[in-house]
Amino acid sequence: MTAVENFVTTWLTPKKMAVFFTILTILYMLFPVMLPMKVSSWTTDYIAEIDRLEPGDVVVWGHNWGDLIPARSGLTFNTAVMQYLMSKQLKIIFVCFSPATPSNMYTFMHDYAKSEDYGYVYGVDWVVTPFISGEESGIAAVGDDMWYPKVDMFGTPISEIPIYQDIHVISDAQLTMCDGGGFSWQPMYVRQWAIRHKMRMVNNYGFQVIAIYYGIYVQGCLDRTRGQAEFEYATDFQGEEVLRFQFRNIGASLVFLSVALGNIALYSKKKEERDTVGVVA
Amino acid sequence: MTPFEIILMFGGVFLALGTFSYAFIGETKWFAISESIFIGGGIAMAGFSIIDTLRSQLANPLMIIPFIIGILAYTRWTNYRWLARYPVSVLSGIGLGVTVGSTIRGQIIAGMIQVIQDVQAMYPDPISALLSLLGVVTVLFYFTYSEKYSNPVHQGRFGIIAKIGRIFLFSGFGYLYASTFVAEGVDALSTTIIIIFLRTVRALQGFYG
């Protein structure tokens with residue numbers, strides 16, 4: 001057995017690897033090597049789709065960020081997008097399809113996107129719906145009738161909310177966005193809003209989920225692993241995503257390293273077993 | 001940040017480290033408390049949200065219909081369990097009705113038109129356009145399940161068609177798996193480190209000026 005095989009099979013345990021990877025990542029966080037970044041056509045399409053809108057246009061943002069931890073990370077990677085929308089003076093309707101989403105979106109606007117800094121007023125420039133149940137049926141219902149929830153997340157009747165006065169069906173808005181966890185959710189938004197109502201749509205989740213619709217029903221996409229970082233890089237609305245993207249680079253490198261080490265360990269073990277069988281025979 | 005918010009933030013960091021500790025020191029009371037608070041908090045949050053929704057929607061008299069259909073689902077625990085078939089049927093029917101039309105239009109017809117148009121225009125380049133056509137045709141042949149009609153493309157001289165289809169399929173699955181793994185797995189580490197360390201340090205820097 002060579003020294004490398006010996007090191008991998010006997011000394012290197014999963015726990016030691018986890019500690020090593022964490023230390024390496026923290027070191028990288030403290031001393032990041034900011035590598036150059038290429039902005040993909042999906043991201044430039046996404047930005048162009050927002051730039052096409054006029055001040056005062058309405059964006060309907062379908063959300064289903066639910067649980068606490070995904071919500072935390074999900075909220076941060078939308079911060080730059082939200083601030084870019086606010087810099088263009090666009091109005092936002094957050095439509096929520098998970099029980100925890102309304103409070104998440106409200107927190108997002110206050111704590112992350114800092115809506116007050118842009119002079120945004122709740123009800124006039126942005127609004128959050130309550131939780132709408134039914135998944136795809138709920139998305140379809142909102143597409144047909146934007147007043148379907150009847151009230152906003154605080155129980156104020158929609159008829160009294162200024163932003164809703166000219167928005168009755170989803171096609172009264174100028175752009176739809178879809179976001180939130182899960183492979184099944186993104187096609188639901190595309191089917192019910194982009195296909196049924198011929199709405200222009202951009203996606204904040206990931207290209208792999210909407211690849212078959214891209215260019216026909218979906219006009220822009222922030223591919224989750226790198227799209228938000230590219231967006232920050234291209235628009236100069238700096239959040240945490242560029243830094244996280246650098247982390248991902250090192251993380252992905254560590255994955256390849258793990259695969260290589262795992263293969264060495266596997267074949268060493270097989271070789272050892274073969275040799276043992278040979279000796280016994 | 002106020003001193004109270006700083007205390008809350010440290011509480012959050014303590015709990016986050018507790019969940020993260022599982023990877024290093026296994027299941028401990030620290031991990032169990034953090035996990036329970038996470039699950040309990042999530043359920044409580046969802047519960048309040050659902051109550052809010054019900055409160056806003058129950059004023060509509062038509063809500064009695066979904067309410068009855070929903071209640072029927074619980075008859076599974078009684079001697080009248082056959083009644084539970086109705087909510088399942090209604091859900092399946094609504095699901096199919098809502099999705100089928102758009103699915104056929106969006107995933108099948110639009111995709112086929114796009115491939116034909118790309119091949120006609122040789123977009124984005126001739127090799128990519130022909131590869132798309134080859135992938136679409138061979139994958140469609142792979143998904144022929146009839147013994148009578150599928151055997152010729154799965155076995156014998158033309159068995160290569162299904163094999164090529166399978167290569168395209170697995171290339172797609174590989175990309176999907178890899179991108180999901182990078183998004184979920186690698187991202188989890190960077191997110192945790194940013195939430196636990198970076199934001200804490202920045203918040204303290206802001207607090208102490």
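Leaving aside neighbours within four places in sequence, A:Arg191 is in contact (heavy atoms within 4.5 Å) with A:Glu136, A:Arg196 and A:Tyr213, and also with B:Thr99, B:Ser102, B:Thr103 and B:Gln107. This is a predicted model, in which local features need pLDDT of at least 70, side-chain atom pairs count only at pLDDT 80 or more, and totals for chains, interfaces and linings use all residues. Residues are numbered from 1 along each chain as its sequence is written, chains are lettered from A and ligands numbered from 1 in the order in which they are written, and side-chain values use heavy atoms, with hydrogens and water left out.

A:Arg191 belongs to helix 8 of chain A, residues 185-195; helices here are DSSP runs of H or I with at least four residues, strands are runs of E with at least two, and both are numbered from the N terminus. With a relative accessible area of 10%, A:Arg191 is buried. Buried means under 20% relative accessible area, exposed over 50%, and partly exposed in between, with a 1.4 Å probe and protein chains only.

I turn to the nonpolar core, meaning a set of buried Ala, Val, Leu, Ile, Met, Phe, Trp, Tyr and Cys residues joined through side-chain atoms within 4.5 Å. The largest has 35 residues, of which A:Ile93, A:Phe97, A:Val190 and A:Trp193 touch the most other members. Which element gives the most to this core? Helix 8 of chain A does, with seven residues. A:Phe97 is in contact with residues including A:Phe131, A:Ile139, A:Tyr189 and A:Trp193.

Next, the strands. A:Ile93 stands opposite A:Val127 in strand 3 of chain A. Strand 2 (residues 91-96) and strand 3 of chain A run parallel and are joined by four bridges; strands pair if DSSP finds at least two bridges between them. Strand 3, residues 126-131, has six of its six residues buried.

Between these strands comes helix 6 of chain A, residues 101-112. Its buried residues include A:Met105, A:Phe108 and A:Tyr112. Seen down the helix axis, the buried residues of helix 6 fall within an arc of 165° (taken from the directions from the axis to the C-beta atoms), so they line one face. An α-helix has 3.6 residues a turn, so residues three or four places apart point the same way.

Is A:Tyr106 buried or partly exposed? At 26% relative accessibility, A:Tyr106 is partly exposed. A:Tyr122 is also partly exposed, with a relative accessible area of 23%.

Definitions and conventions:
Right-handed = clockwise from strand over helix to strand, strands pointing away.
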